[in-house]
Amino acid sequence: MGRLRTKGKAGAAKNFTTRSAAVKKLQCSLADFRRLCILKGIFPREPRNKKKANKGSSAPTSFYYTKDIAYLAHEPILKKLREHKAFAKKLSRALGRGEWSSAKSLEENKPIYRLDHIIKERYPTFIDALRDIDDALCMVFLFASLPSNSRLPAELVENCARLSAEWQLYVMHTRALRKVFLSIKGVYYQAEVMGQTITWLVPYLFTQNVPADVDIRVMLTFLELYQTLLSFVHFKLYTDSGLVYPPPLDTKKDEDGAGVDAFALQNGSRQSTTKASGNTTANVSGKVVRQTIKSIAAEVDEETPDVEMSNVEVSREEEDEEFIPHPSSKDTMTTATLPTLQALSSLPTTLTTNLFSPYVFFLSRETPRSIFEFIVRAYGGRIGWHQSSGSGSPIDENDPHITHVIVDRPVVEKEETAEQRELRLRRKYVQPQWIVDCINAGKILLEEPYAQGKTLPPHLSPFGEYEGAYLPGTANEETDEEEQEEEDEEMPAVDDEGAAVDLEAIVSAPADEPTSLRAAELAAEAAGVDFGTFEAAVKKAKRKEKKPLSEEVKEAESDMNKMMMSNKQRKLYEKMKYSNQKKQAEKTELENRRKELAKKKRKEQKA
Amino acid sequence: MASRVAGRKSTKRKQFEDDVDVAEDLHHNGNLEMLSDEEEDGNISSDDGEVDTFPGIVNESDTDPDDSDFSDQEEDEVDEDEDEEDDEEDESGEEDGSDDGEESDDSLHVFPKAKTIVSNITNQPKIVYPEIEPEYDSDSSTEEDPNRVGYIPMHWYDDMPHIGYDIDGKKILRPATGDELDKFLATVDDSSAWTSAFDKNAQTDKPLTSEELDLIRRLYAGENPDANYDPYEPMTEWFTGKGKEEIMPLSGALQPKRRWVPSKWEKQKVMKIVRAIRQGRIVPSKPKSTKKFEPYAIWSEPSSSHPPPLPAPKPALPTNAESYNPPEEYLPTEEERKAWEALDPEDRERDYLPQKYSSLRLVPAYDRFVKERFFRQLDLYLAPRVQRVKLNIDPNSLIPKLPSPSSLKPFPNYRSLQFRHSQSRARCISVSPDGAWVISGDENGVVSLWEIIVGREVKRWTFKGKIGSLAWCPRTDVCYFAVGVEDTIHFIIPPNVDPAVLTLTQSVLAPTTLPPAPATPSPVKWTTPPSNTWSQDTPILTIDLPASTGIPSHFCWHRRGDYLASVSTGGAQGGVWIHQVTRRHSQAPFKKIKGAVQLVLFHPLKPHFFVATQQYVRIYNLAEQKLIKTLLPGIKWISSMDVHPSGDHLIVGGYDRKLCWFDLELSEKPYKVLRYHTRAIRSLQFHPSYPLFASSSDDGSIQIFHSRVYNDLMTDPLIVPLKILRGHQISEGLGVLQVRWCSKQPWLVSSGADGSVAVWCS
């Protein structure tokens, strides 16, 4: 006889924990729990049977694996969060009593958590980290473009901007960019780094505002993780390709709006200079640290502890990153292993990644420099820009080497000198889409359709669609031909209707047998129809006939065979059929619309 | 004290007044300032030696010097002692009891004229006052304020009609109060109404005095009610200040040592810290920058053995529609745009509307950018993730591959002829064992006999009531059929029968020597009309079932043709009967049975008996009289059932559209459940010789299946749908009511609710 089984001691009841139970178990607030979940990458699970997992209750709750929660219970960050709670209480008490010195010493010994171990846990190998970097890049690029405010400290935005610039520098340096797509949401970039395709979305250069219904705390927690992750990833990428990390920032250039160029990529040998520059910035940021601490001490009783902590944490991190006393034992180790990796990464520079290397571009004022500088330089081109879009342009507007000018404005007639004219004729003026389309096509396209003031050809997604989807470019010719045919057919119908009707009547009779076909041919001749049209009619009739005879029978049979499907199979079959039909309907809808548009155009042309 | 005494002895004093100087006494009175409710304060309080206008004394008295007061008093007392002896009976009670009353007496009753009489007892003159009569012209009634109940708590009289008692012990009635409206009008008229308050003693509104008003104002303003109170009085220093210091200690004890010797324990604690600092365990003013975060080669150490968590699913990549300059066909039409906007954001298939901009500089900021990022993050940490295997197969590959119906011929596939019953549903049919004749019965009680090839009616019988069922006897050496009409079963011999067969049939149904009646009398009666009245129109044998059993709705012959099982439904008791023709005996096999029996069947080979109740099928062994098996088809209401000629397979159809195939060797659960009819299944039958079965339904269609059963136990039976026969009309929700196979050919006969009976041929 087996052991008696108690209810709720095994199986789903034990493996799943509801969220409230988890919070109770961890003895932390819901906000802390959320923060832990975000940082540790723990998400709710769907039990197969909710009733079994929730002690017979079917109330809607979210479930977590009990093991996940047990794993959270051992998290050092949880301890730090508890410490922080105690700290917040102590600090607020000290401030309330006006004990400034004790408040200051408390503030100095504030508990701070680090995320290194979490990065290592979540991404045991570098490839794992790279695979998951998409969201991190999106977020960092977004926050780099957000305006700073009380909830979003300027240091945070600065750090995001630095991380995004570092990433761009790396991609440009290794020529890793593969695809670019200008969408209505922003610019999608796809790069291939160490065999991983990484896609990220960058908003257009406008001020984004954070809507009220977005919980910025959640975003900041994610950003905290992402910043740490990205700084580790960048460190690895830079050191692997023999570069110094972090690339030293030229503050003067940065102030002038040099953007990405404010960072200087340096090879690993020149480390002493970076150290010096790092030290100079250290003083400055030390002051900043003190100021922030002061401001935080003032804020403490106003803000909830968790939010406040995130701000501080973030600001601290980025300050660290700004001035890193570089040489360390670890670094020398990594640089020793470098050359081979560097050689590896430099090997696969194929022709397509040097697509723009023979050309020199110039950006006119109205084109967004951050996008096109990145793209062109990632493909080996040289690029200059107008003074108004930032300093540090390597190429002057009147440079004779310029081959392409990227313009995005309508053509305006104006007086020009002979010199200017000569320059204009020597250069090619293209709209920005040309660059992106060239990259996606993997070759230099004709500049003519993209010339200034021209109506652009449609810009298609380089990422492709699902299999069998409507393809705007390719399907055209075939259908066009058919259409032409149809129209041709329509024409004679108008001319001699009677004959056409006769022909159809004649042709409808013949089956596959050659004798009847022969008879029909004779009849057609008698009716005065020429042989060509007769042949076409016969073909058409055959096409029509083939379907009903064999296919209908088959269909009916298979319909009957569906009776013998099991319930599961039938449901699956119906689902598949439904989705297929939906896709097909979408496709046909698009095709029909295209045809209509083409017809309209043709009519307009005729008119 | 003097006044009290004076007051108490006032009556005596008044008796004296003739002898002694009355004026002195009066003056003394005035000096005491006895205040009463009366308002003639002036008279009483005037203590200057002016003329007293005391009414009762005017005639005799003159002013006297003040000095004589005390001596006078003393004299009084002396006199009193004498008096007490005189009139003890009068006054003893009064003297102790109420001083106050007498006091008031003294002051109040001065107005009426007193008479001086000589006492009978003491022979002394005494003053007697008249009774107070509260008449209109009396003094007291003319006074302004009559309420003299005294200082008593007025709430004693809250529930009473009066407010106290006057001096004479008479009730003072509560003055009449007007209603609210009067009160209001009074306040309107009176300008000082808002500064007056209700006086309980007086029972009227009295204006507040200026002091009271001031008090109210102070309370209202939150000030001290006492106007003279100074909250900021200068402090009086008692023990501090110049010259008042305490110099000497309070106690003379010596100072303890601890007051002036440094603490040993404190020193120990400090030394502990000092030692820690010296040894470097505590670093004072630790530089903060050491804690700072910096990236390092985190992946240089080997990773832990446990596998990484699954990466989060990546968001879908953008398609052509998201382009800033998409092909024109992607742009939504006006209706699509409206439909998109009308949808809730979470229901939208796409979170954006395709838009076309002629150049890049015209592309605006995307307003939902932050929100979309936020939703992505919510997905990352709040959404449960499910791993799904993506099936990339052709959906048609899911359809089972079955042999083509054309290779499984013959099966009925067209309607060869149709026979019509007029104006009523053709309920039941039966095909003769040789397959040449069909009988069909309708709800009007008409049974028609017709040939299957020709379709012409040969003979018609008309019964009273619905025809419940028909069944042709399976024996080939005799020829007759049973007709079930209300509570009765008729046995009829069709016309044009071979004479040899006819005689045999007649001898079977109506033997000349009846078998002996059973020992126990049966409620079922078997009757045969006399042989001279036999005709083709009348039944040769009739079984009368017990009354109110209902219409026999189902017949089932045993394969030998001797036993006929009938199921009656709709009646009060209903039930199953097994009739034995040779013995002319009927028996009910079940004493009682759970559930309403729908159908019964004889096993084709074994002495088994299938009984279908509403939800279950039970198999009984008739020889051993016990239950073998209960099948669970999982059908809500069984409508039809048939057993395969091999006896190992059973099909059960239900009103809930299900058809269950049971392999009796296998399990109590169906081997296969099919649901292909769109309405209830009405009838099922296996073909006796061909591997076919048919099912008919209320959707008006008949479905033909190929059903091959293998002798090999390992091979599953093969069921192939062959043909859907349509042609019957649906009338009043009923379609094809019964199907029967022709035993020799693959032909099917079906009867419909539209009154038509069709023959389907191959």
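User: Which residue is the bridge partner of Ser469(B) in strand 13 of chain B?

Analyst: Ser469(B) has Gly484(B) as its bridge partner there. Strands are DSSP E runs of at least two residues, helices are H or I runs of at least four, and both are numbered from the N terminus. Keep in mind that this is a predicted model, where local features need pLDDT of at least 70, side-chain atom pairs count only at pLDDT 80 or more, and totals for chains, interfaces and linings use all residues. Residues are numbered from 1 along each chain as its sequence is written, while chains are lettered from A and ligands numbered from 1 in the order in which they are written.

User: How many bridges join strand 12 and strand 13 of chain B?

Analyst: Two strands pair if DSSP finds at least two bridges between them. Here strand 12 and strand 13 (residues 481-485) of chain B pair over four bridges, in the antiparallel sense.

User: Which strands are the edge strands of that sheet?

Analyst: The open sheet in chain B has five strands, in the order 12-13-14-16-15, with antiparallel pairing. Strand 12 (469-472) and strand 15 (525-527) of chain B are the edges, each pairing on one side only.

User: And how many residues does each chain bring to the contact between A and B?

Analyst: Two residues are in contact if their C-beta atoms, placed from the backbone, lie within 7 Å. Chain A contributes 88 residues and chain B contributes 64. On the chain B side, helix 13 (369-382) and strand 32 (718-726) are the elements that give two or more residues. Helix 13 of chain B supplies the largest share, nine residues.
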